[in-house]
Amino acid sequence: MRIPQDCKHLKTKRRKESNLKNIMSITEHKVRGSKWSECDRIGNSDNKTNIEIDVSKEVIDLTRSPKKHILDEENTLKKLTIKNFRKTSLESQEKYYNDVLEKLDMALISIFERKKIVWSLQELYKGVENLCRAFNQPNNEDPWAIKCYRILETRSKESIKLLLLNVLEKISSFIETEGDIVKIVIEKGWEIWIEQISTIRNIFFYFDRTFLLITPGLSSIWDTGISLFREYLFMDISVNEPFFFDLFSIIASIRSYSMDFKKAPNIHLLQSSIKMINSLNLYGSLFEPKFIQATEIYYNNKALELIEKSYPEEYLSHIKEILNKEEKFCKEFFSEQTKSKVIRVIEIQMIENHSECIINTGFEKMMVEGNTKSLKDLYTLLKLVNKVELIKIHLAEYIKKTCKNSISNSKDNSNIIPSLLKFHSTLNSIISECFLSNGSFIQTLRECFEFFINNSIDNSAEMLAKYIDNMLRSGNKSFDEESLGNEMDKTLELFRFIQGKDIFEAFYKRDLAKRLLLNKTASTDAEKAMLLKLKTECGSGFTQKLEGMFKDIDISRNFMAFYKNSKSTQKNPPVSNLYVNILSQAFWPSYPNISVILPEKMEKDLNSFSSFYFSKEKDKKLTWRHNLGHCVVKANFPKGKKELNVTLFQAVVMLLFNNVPDNKTLSYNEIKKSTGLEDKELIRTLQSLACGKVRVLLKSSKGKDINTTDLFLINLAFSEKLFKIKINQIQLKETSKENKIIHENIQKDRSFEIQATIVRIMKAKKKSHHTELVQTSINILKQRGIISVNEVESAIEKLLEKEYIEKDEKNSNTYIYLA
């Protein structure tokens with residue numbers, strides 16, 4: 001039979017309305033005004049339910065706002081009724097909930113015994129939800145949710161105890177190799193327990209997120225499971241101790257693995273163990289202290305092993321490698337805090353505890369060999385444990401020992417300064433490259449060199465001045481322009497250590513005068529550069545006389561040009577190419593006045609120059625220093641012409657033979673009478689001409705000594721290949737008497753300088769206390785050298801005698817300047 005379309009729609013509509021009414025489970029719904037009455041819950045009913053509505057007979061949609069449908073315009077009362085409604089009895093509800101608890105209990109047993117659960121997880125989940133929604137029991141019995149919690153707690157504790165026994169049984173019977181215990185605890189204990197707790201949590205999820213979440217004093221299922229595993233299994237001493245022992249054995253094997261630690265055996269067990277320990281919240285309280293202690297033992301043994309079988313250089317390389325590897329290892333598996341503690345343990349066990357041993361056995365060897373890599377490693381590692389002071393102490397001992405050996409091994413004093421410069425340069429490089437230019441190391445170097453140079457070397461200032469003289473002399477092929485500048489910088493560093501700078505100045509001035517007057521300087525620019533360095537270091541007062549010497553040379557050059565271009569010189573030109581250096585006595589060293597009888601033509605040229613000079617400088621006086629003169633003599637030998645570069649005394653002697661026929665001799669006494677030279681200078685001159693490498697004269701006796709009975713003649717067989725030949729004068733060795741005179745002059749100059757300094761201070765202050773005046777004078781004069789208190793007090797006494805100052809009548813320790 002065909003049903004009309006309108007009837008079909010009506011039936012469908014009524015079915016929907018019936019289902020809606022069943023879901024809402026409304027027994028009676030009264031509306032007065034805009035308020036709702038309370039509703040009671042009822043169980044579901046399979047029978048059809050009709051809703052009768054008085055007055056209107058129309059269907060009301062309860063899902064919509066009641067204001068629109070239930071209330072009419074006149075706010076009349078309406079009544080809703082559910083027909084054939086049946087209530088569920090309390091006995092049937094209690095039976096249902098007990099069945100649910102029994103099912104849950106059996107499900108828990110199956111989960112913990114790792115068996116299949118009979119019921120579906122959905123059914124169990126719904127049962128747990130109903131237990132949580134159930135009303136409290138009558139007669140003051142516990143709520144169904146509490147009963148559910150007790151079953152879960154009881155079964156969990158029983159299961160963890162059985163799991164502990166199972167783990168202990170396997171530990172006692174299956175231990176063969178490294179990692180077995182860790183593997184048992186992880187795979188047979190932790191992973192099984194976590195799997196079971198996860199399954200339980202899925203079933204009791206509603207219970208976990210509602211009842212447990214809001215009930216004080218109860219933890220979530222996951223937290224409770226973790227807590228049970230930690231307290232009943234992992235913290236058991238029978239599990240805990242062997243587990244950590246085996247775990248630290250694994251870590252030791254990974255540390256000893258020569259290749260990438262990520263490829264080491266049992267690395268996955270370490271990862272799983274750390275993950276488990278973190279989950280158990282035992283990382284900081286239990287694992288880290290034990291791990292640090294095990295690390296201390298491991299690296300203490302490692303350090304003893306490496307020190308015994310390796311050299312200090314190799315040991316340092318091992319430490320750097322271990323630190324680098326351990327940092328990567330800890331970064332991969334442990335926290336940043338643990339990494340810092342482990343690195344600190346390595347520093348203590350492998351560096352700090354053995355620092356003295358490393359330095360005592362290896363530092364000197366590294367320094368002697370110039371092993372900059374190992375020295376840098378040593379400094380870097382000891383800096384980590386604040387032990388660089390040990391390096392500084394041994395560095396000072398090494399410097400003193402090496403400097404002392406350089407003196408004892410030097411056959412001649414001329415090698416001391418070069419060896420010290422080389423050693424100082426090496427130390428500077430090491431401190432810069434290996435010790436990172438540490439200021440305390442630089443200070444140690446300065447103090448050691450200063451003490452050694454001023455207390456262990458006699459006349460160190462004089463030796464340094466002589467070294468600079470050799471360096472700046474012409475003919476020195478050891479340095480080019482660039483290397484000469486570098487060498488000057490090195491000597492200046494050594495110069496800073498010298499306390500007697502006025503002694504250096506005296507000898508430097510004497511050597512500079514010789515270089516300038518004899519034209520033996522390698523480079524005027526180099527000389528002025530050195531002078532500028534000294535001026536920068538010690539001030540203009542130190543180089544005032546030295547600068548005056550250069551000024552005299554420039555003035556002499558200009559004056560000689562003026563002399564040669566003058567009308568009188570052009571009219572009566574000198575026989576020789578005369579060049580005169582006009583020197584101010586205040587700037588130059590004092591030279592002895594050695595008399596000599598000059599050839600007539602040469603004497604005439606000097607008189608001509610003197611007349612010209614006095615015509616320009618009427619108030620000045622000229623004193624000739626012939627011992628500083630030098631000449632170029634043209635000689636015609638049978639085998640060729642030569643130009644001989646000689647001193648003035650050598651030229652005077654050679655010119656005597658112009659008046660003697662070939663193969664004719666002159667005696668020693670004849671030469672002495674004709675030249676007027678004293679024996680000392682004449683013997684030196686004849687030795688240079690007849691006994692040197694270049695012999696233009698021959699003497700009658702054999703040997704290099706000159707006797708008063710010797711006869712001399714021209715060497716007609718002279719046949720040097722060079723056209724220009726330099727004949728060096730025999731250099732006189734400085735006698736102790738001459739040196740004594742120089743030092744006495746230095747003391748005199750120092751005394752005058754101290755007095756002048758005191759006068760300048762008093763002139764500025766007008767009045768000064770004794771202690772203040774002494775200290776101020778020392779501070780001003782310290783750049784010139786170390787001035788003692790006695791020297792200053794002696795100068796004060798002299799100034800009191802000279803009446804430059806006087807004592808205050810009221811206070812004898814106070815001085816007053818007298819204008």
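Which side chain makes a polar contact with the side chain of E313? The partner is K365, at 3.0 Å, where a polar contact is a pair of N or O atoms within 3.5 Å; within protein, one atom must be able to donate a hydrogen and the other to accept it, and residues adjacent in sequence count only if both atoms are side-chain atoms.

## About the model

This is a predicted model, in which local features need pLDDT of at least 70 and side-chain atom pairs count only at pLDDT 80 or more, while totals for chains, interfaces and linings use all residues. Residues are numbered from 1 along each chain as its sequence is written, and side-chain values use heavy atoms, with hydrogens and water left out.

## The chain as a whole

Let's start with the overall picture. The chain has 32 helices and twelve strands; helices (H or I, at least four residues) and strands (E, at least two) are DSSP runs, numbered from the N terminus. Of its 819 residues, 42% count as buried, with buried meaning under 20% relative accessible area, exposed over 50%, and partly exposed in between (1.4 Å probe, protein chains only).

Among contacts in the chain with a separation of 6 or more, 69% come from residues 24 or more positions apart; contact here means heavy atoms within 4.5 Å. The chain exposes about 48,200 Å², and carbon and sulfur atoms supply 50% of that area. Accessible areas come from the Shrake-Rupley method with a 1.4 Å probe, and for residues only the protein chains shown count as cover.

## Around E313

Back to the residue of the opening question. E313 is found in helix α13, which covers residues 312–333. At 11% relative accessibility, E313 counts as buried. Leaving aside neighbours within four places in sequence, E313 is in contact with K365, M366, E369, N371 and S374.

Three strands form an open sheet in the order β4-β5-β9, with mixed pairing; two strands pair if DSSP finds at least two bridges between them. The edges are taken by β4 (630–637) and β9 (724–726), each with a single partner strand, so one side of each has no neighbour in the sheet. The twist averages 25° from one strand to the next, with axes being lines fitted to C-alpha atoms (for helices, over the stretch in contact) and angles running from 0 to 180 degrees between N-to-C directions. β4 and β5 (residues 640–647) pair in the antiparallel sense over eight bridges, and H630 has T647 in β5 as its bridge partner.

Helix α27 (residues 648–655) packs on this sheet, touching β4 and β5, and its direction makes about 135° with that of β5. How many of the eight residues of α27 are buried? Seven are, so the helix is largely enclosed by the rest of the structure. The buried residues are L648, F649, Q650, A651, V652, V653 and M654. Their cover includes α26 (600–616), β4, β5, α28 (668–675), α29 (679–690) and β7 (697–699).

## The β10-β12-β11 sheet

Another open sheet has three strands in the order β10-β12-β11, with antiparallel pairing. Its edge strands are β10 (767–769) and β11 (805–807), each pairing on one side only. Neighbouring strands of this sheet are turned by 30° against each other on average, direction ignored.

β11 pairs with β12 (residues 814–817) over three bridges in the antiparallel sense, and a hairpin of six residues joins β11 to β12. Within this pairing, I805 has Y817 as its bridge partner, and E806 has I816. β10 and β12 also pair in the antiparallel sense over three bridges, and there K767 stands opposite I816.

Two helices go with these strands. Helix α31 (residues 770–781) packs on the sheet, touching β10 and β12, and its direction makes about 95° with that of β10. Helix α32 (residues 789–801) lies across β11 and β12, running at about 100° to β11.

## Cysteines

How many disulfides does the model contain? The count comes to zero, taking a disulfide as a pair of cysteine sulfur atoms within 2.5 Å. As for individual cysteines, C357 is partly exposed, with a relative accessible area of 35%, whereas C631 counts as buried at 17% relative accessibility.
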